[in-house]
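My notes follow in the order I looked things up.

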Amino acid sequence: MKLKHIVAVPLIVIMLGAISCVQAPTEPTIIYKNPQPFPNLATLITWLDEDGTNDQVYIVDAHDCDDFAIDLQKAALEDGYLINVQFDLEDEHALNSAIISNIVVFIEPQTDEIIPIGKLDDEEAIAR
Ligand SMILES: [Ca+2]
Ligand SMILES: [Ca+2]
């Protein structure tokens with residue numbers, strides 16, 4: 001039984017490797033060079049205002065929360081910013097998160113709402 005798993009895993013990895021090498025000839029290759037976190041909340045707010053991801057049409061399953069979250073992450077990377085796709089397993093919802101200095105915020109990519117989550121580190125401990 002365990003031997004089957006050992007054999008199966010490398011085969012899956014090889015198959016995924018083969019699939020990931022296939023690329024449509026018309027699809028442009030975009031290389032993201034050294035994306036950085038947003039320097040402050042104001043920059044994130046301005047960038048979200050200018051970005052049009054939230055203006056896209058919601059289509060059940062075809063272009064829903066996960067697609068909005070992935071599109072917002074791609075848009076951020078294209079502009080040199082680093083944000084994450086985040087999954088709320090309880091609500092079965094996808095959204096984004098960003099780390100700005102010592103704070104974490106969630107971003108609702110369908111509305112541009114910014115939801116403060118909290119601080120990463122104890123600032124007094126950092127100052128010591
Ligand atoms: Ca926007
Ligand atoms: Ca989807």
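I began with a working rule: two strands count as paired if DSSP finds at least two bridges between them. The model is a predicted one.

**Entry 1: the sheet**

I applied the rule to β3 and β4 first. Strand β3, residues 103-108, pairs with β4 in the antiparallel sense, over 6 bridges. I checked one position: Ile-103 faces Lys-119 of β4.

Next I went to the other pairs. β1 and β2 are joined by 5 bridges, antiparallel. Here Asn-84 has Ser-97 in β2 as its bridge partner. β2 and β3 also pair in the antiparallel sense, over 5 bridges. Ala-98 is partnered by Val-105 in β3.

I then wrote down the whole sheet. It is open, with 4 strands in the order β1-β2-β3-β4 and antiparallel pairing. From one strand to the next, the twist averages 35 degrees.

**Entry 2: the turns and positive phi**

I looked at the hairpins. Between β1 and β2 there are 4 residues, and Glu-92 in that turn has a positive phi of about 50 degrees. The hairpin of β2 and β3 has 2 residues between the strands. Ser-101 sits in this loop. Its phi is near 55 degrees, positive although Ser-101 is not a glycine.

Is Ser-101 buried or exposed? I counted 11 other C-beta atoms within 10 Å, so Ser-101 is exposed; the cut-off for exposed is 12 or fewer.

Asp-61 is another non-glycine with positive phi, about 65 degrees. I found Asp-61 in the loop between α2 (41-50) and α3. Asp-61 is exposed, as 7 other C-beta atoms lie within 10 Å.

I also noted Gly-80, which follows α3 and has a positive phi near 85 degrees.

**Entry 3: helix α3**

Where does α3 lie? Helix α3, residues 65-78, lies across β1, β2 (93-100) and β3, and runs at about 25 degrees to β2.

I checked the length of α3. At 1.5 Å a residue, its 14 residues should span 20 Å, and the end C-alpha atoms are 20 Å apart, so the two agree.

Which residues of α3 are buried? They are Phe-68, Ala-69, Leu-72, Gln-73 and Ala-76. Viewed down the axis of α3, these buried residues fall within an arc of 135 degrees, so they line one face of the helix. I recalled the general rule: an α-helix has 3.6 residues a turn, so residues three or four places apart point the same way. The buried residues of α3 pack against β1, β2 and β3.

**Entry 4: the core**

I looked up the largest nonpolar core. It holds 12 residues, among them Phe-38, Leu-44, Leu-48, Tyr-81, Ile-83, Leu-95 and Ile-107. α2, α3 and β2 are the elements that give two or more residues to this core. The largest share, 4 residues, comes from α3.

What does Tyr-81 touch, not counting residues up to four places away in sequence? I listed Pro-35, Gln-36, Phe-38, Trp-47 and Ala-76.

Definitions and conventions
Residues are numbered from 1 along each chain as its sequence is written. Chains are lettered from A and ligands numbered from 1 in the order in which they are written. This is a predicted model: local features need pLDDT of at least 70, side-chain atom pairs count only at pLDDT 80 or more; totals for chains, interfaces and linings use all residues. Axes are lines fitted to C-alpha atoms, for helices over the stretch in contact, and angles run from 0 to 180 degrees between N-to-C directions. Two residues are in contact if their C-beta atoms, placed from the backbone, lie within 7 Å. The expected span of a helix is 1.5 Å times one less than its number of residues. A residue is buried if 20 or more other C-beta atoms lie within 10 Å of its own, exposed if 12 or fewer, and partly exposed in between; C-beta atoms are placed from the backbone. The arc is that of the directions from the helix axis to the C-beta atoms. A nonpolar core is a set of buried Ala, Val, Leu, Ile, Met, Phe, Trp, Tyr and Cys residues joined through C-beta atoms within 7 Å.
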